[in-house]
Amino acid sequence: MKTRARLKPGQNGTKKFVEQYGDGLVCVRYRYDAATSKQYKTVEIIVSESDWTPPPAKYPDSTLVPLKIGIKETAAQEQLRAVGGRWDKGKKLWFVPYGCIVGTKLEKFIHIETPKKDENPQCL
């Protein structure tokens, strides 16, 4: 199904839902199914509310994080260069301040080192 319209409360096409759901209405979507030639209206509503504390950031924005990017992933390499990323030949990793990549696709390339089996201390 394709969504063709996402309307905010108060826009034309949402009035009766605003009356029904009030402040709980988040949006109204108009979806279309070409296979069945049907139009669907869906509503997103708030059903509960509670206090929430966001988790702390993984890294401070200024922390240099290592990224492992394949040699053929040139688009990702160009993005890194554009935000000030630097290549470390010895470690074969890119380094960039976390604040430059937070919320982007580059975040998935962060390299987290896992200790080798030989380096783990044995429990006594």
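Glycine 84 lies in the loop that links H2 to S5; helices (H or I, at least four residues) and strands (E, at least two) are DSSP runs, numbered from the N terminus. The model is a predicted one, in which local features need pLDDT of at least 70 and side-chain atom pairs count only at pLDDT 80 or more, while totals for chains, interfaces and linings use all residues. Residues are numbered from 1 along each chain as its sequence is written, and side-chain values use heavy atoms, with hydrogens and water left out.

With a relative accessible area of 33%, glycine 84 is partly exposed, a class that falls between buried (under 20% relative accessible area) and exposed (over 50%), for a 1.4 Å probe and protein chains only. Not counting residues up to four places away in sequence, glycine 84 touches Phe95 and Val96, where contact means heavy atoms within 4.5 Å. The C-alpha atoms of glycine 84 and phenylalanine 95 are 8.8 Å apart, with a separation of 11 residues along the chain.

## The sheet S4-S6-S5

Three strands form an open sheet in the order S4-S6-S5, with antiparallel pairing; two strands pair if DSSP finds at least two bridges between them. The edge strands are S4 and S5 (86–88), each of which pairs on one side only. On average, neighbouring strands of this sheet are turned by 35° against each other, direction ignored. For such angles, axes are lines fitted to C-alpha atoms, for helices over the stretch in contact, and angles run from 0 to 180 degrees between N-to-C directions.

S4 and S6 run antiparallel and are joined by four bridges. Proline 66 stands opposite phenylalanine 95 in S6.

## Nonpolar cores

The largest nonpolar core has 12 residues, among them Val65, Leu67, Trp94, Val96 and Leu106. A nonpolar core is a set of buried Ala, Val, Leu, Ile, Met, Phe, Trp, Tyr and Cys residues joined through side-chain atoms within 4.5 Å. The elements that give two or more residues to this core are strand S4 (64–67), helix H2 (74–82) and strand S6 (93–97). Leaving aside its neighbours within four places in sequence, leucine 106 is in contact with Leu67, Ala76, Gln79, Leu80 and Ile101.

A second, separate core has five residues, including Leu7, Phe17, Val28 and Tyr30.

## The sheet S1-S2-S3

The other open sheet described here also has three strands, ordered S1-S2-S3 with antiparallel pairing. S1 and S3 stand at the edges with a single partner strand each, so one side of each is left without a neighbour in the sheet. Neighbouring strands of this sheet are turned by 20° against each other on average, direction ignored.

Strand S1 (residues 2–7) and strand S2 (residues 25–33) pair over five bridges in the antiparallel sense, and alanine 5 has tyrosine 30 in S2 as its bridge partner. S2 also pairs with strand S3 (residues 38–45), again antiparallel, over eight bridges. In S3, lysine 41 is the bridge partner of tyrosine 30, and threonine 42 is the residue opposite arginine 29. The hairpin of S2 and S3 has four residues between the strands, and serine 37 takes a positive phi near 55° there.

## A charge over a ring

The charged end of arginine 4 sits over the ring of tyrosine 32, 4.5 Å from its centre. The criterion requires NZ of Lys or CZ of Arg within 6 Å of the ring centre and within 35 degrees of the ring normal.
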